[in-house]
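Opening the notebook on this one.

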Amino acid sequence: MPTLLEIRGLSAGLRGRRSVTQVVSEVDLDVEAGEILGVVGESGCGKSTLATAIMRLLVPPQVLQSGAITLWLKDGVGHDLLQLSDSELRQLRWRHLSYIPQGSMNSLNPVLRVEQQMTDTLIQHGLSIAEARSRAAAALELVNLEAKILNSYPHELSGGMRQRVIIAAAVSMHPALIVADELTTALDVVTQRQILQELAGIRDELGATIILITHDMGVVAQIADRVAVMYAGKIAELGSVNDIFETPLHPYSQGLIGSIPRESGGRIEGLPGEAPSPWNYPTGCRFHPRCPNIFDPCRERIPALQTQDSARWAACHLYDAEVAADA
Ligand SMILES: Nc1ncnc2c1ncn2[C@@H]1O[C@H](COP(=O)(O)OP(=O)(O)OP(=O)(O)O)[C@@H](O)[C@H]1O
Ligand SMILES: [Mg+2]
């Protein structure tokens, strides 16, 4: 698969009174055209900061520190999102890349009908009122909503319907890339499953690429092709869903998978402790204080994300032959 989005050395942080800390640390990630990439990790791991940095929507005290993010469009031209002018970026947003922020379900304007909220942006992008209306209706169909919803106010809709309206609005321009942050977190399990199926349908129908950010391994298992496991601002492991669920390499991935409640019941081995604050990252491997497999180098040396075979990557000294030889 060709690469749609190429992230290199991306760091983003928070500016404090006296210093700046890193929330996302030197992330390298290739997102393949047409895939659904799950980005998963516990609360506070930097997932939303990564998403907002990709969309160039960081706001103070958040700061972009370094990196390049190249979006490769069909014409073979790469656009470095971090170098574009604001007006160039506006051109790309909606049309080529679209963002569904965390908590967006509650972001609809309560005093405007769905139609106006969905068509305003389309009209700003040059569509006539009639075209915008038919685009909006077609987008609603992708999420199994009838066009008559256009006449509704947000309070007349259930949470699941509001989330579907948000998705429909985000995909109405048929963007190449959709970044969706905690899309289904606030919804019941049945609605969550339906919406994830609709999202997979959108990928198939529009040929879109989706980065799906979630703290929920169950969501990833349902829909993603590949998974990036994030811990304390870094990618801990990257691989196909099957590989990561069947043979997780990183002890953090193993812990996350062990924490998923199983339908068959049984004891859940939770991950003890919690993710560190970006102001207080441990030295060496940031996971070492919680790691059941810790050995000496972990306290001092930062593990690099290394390929284990061409399709999977892990940042853990257990898999680094050089470190293991030294230890
Ligand atoms: N605007 C901000 N002001 C202060 N701290 C922030 C801000 N944005 C992020 N942080 C801090 O940066 C860290 C990462 O936050 P981020 O929202 O990226 O995590 P997350 O993985 O998306 O978590 P969640 O699963 O809870 O959404 C957290 O410790 C958070 O408190
Ligand atoms: Mg978040």
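**Strand pairs.** I started at a bridge: Thr307 has Trp313 as its bridge partner in strand 12. Strand 12 (residues 312-314) runs antiparallel to strand 11, with 3 bridges joining them. A hairpin of 2 residues links strand 11 to strand 12. Helices (H or I, at least four residues) and strands (E, at least two) are DSSP runs, numbered from the N terminus.

**Ground rules.** This is a predicted model, where local features need pLDDT of at least 70 and side-chain atom pairs count only at pLDDT 80 or more, while totals for chains, interfaces and linings use all residues. Residues are numbered from 1 along each chain as its sequence is written, with chains lettered from A and ligands numbered from 1 in the order in which they are written.

I then traced the open sheet of 8 strands, and its order is 6-7-8-3-9-10-12-11 with mixed pairing. Strand 6 (97-100) and strand 11 (306-309) are the edges, each pairing on one side only. Neighbouring strands are turned by 20° against each other on average, direction ignored. For angles, axes are lines fitted to C-alpha atoms, for helices over the stretch in contact, and values run from 0 to 180 degrees between N-to-C directions.

Strand 9 (residues 226-231) pairs antiparallel with strand 10 (residues 234-240) over 6 bridges. I checked Val227, and its bridge partner in strand 10 is Gly239. Helix 5 packs on the sheet, where it touches strand 6 and strand 7 (177-181), and its direction makes about 165° with that of strand 6. Helix 9 (residues 251-258) lies across strand 3 (36-40), strand 9 and strand 10, at about 105° to strand 9. Contact here means C-beta atoms, placed from the backbone, within 7 Å.

**Helix pairs.** Helix 5 (residues 159-171) and helix 6 (residues 189-206) pack at about 15°, axes 11 Å apart. They are therefore roughly parallel to each other. The cut-offs: under 35 degrees is roughly parallel, over 145 roughly antiparallel, 65 to 115 roughly perpendicular, and the rest oblique. I listed the contact: Gly160, Gln163, Arg164, Ile167 and Val171 in helix 5 meet Thr191, Ile195, Leu199, Ile202 and Leu206 in helix 6. By class these are 6 nonpolar, 3 polar and 1 charged. Ala, Val, Leu, Ile, Met, Phe, Trp, Tyr, Cys and Pro count as nonpolar, Asp, Glu, Lys and Arg as charged, and the others, Gly among them, as polar.

Next I looked at helix 3 (residues 114-124) and helix 4, which pack at about 120° with axes 9 Å apart, so they are oblique to each other. Their contact has 6 nonpolar, 1 polar and 3 charged residues.

**Ligand 1.** Which residues are closest to ligand 1? They are Ser43, Gly44, Lys47, Ser48 and Thr49, out of 16 surrounding residues; near means a C-beta atom, placed from the backbone, within 6 Å. Helix 1 (residues 47-54) gives the largest share of the shell, 3 residues. I get 5 nonpolar, 10 polar and 1 charged for the shell by class.

Pro60 and Pro61 are joined by a cis peptide bond, with omega about 10°. Pro61 sits in the loop between helix 1 and strand 4 (62-72). Asn144 has phi near 60°, a positive value in a residue other than glycine, and it lies in the loop between helix 4 (129-142) and helix 5.

How values were computed. Contact = placed C-beta atoms within 7 Å. Pairing = 2+ DSSP bridges.
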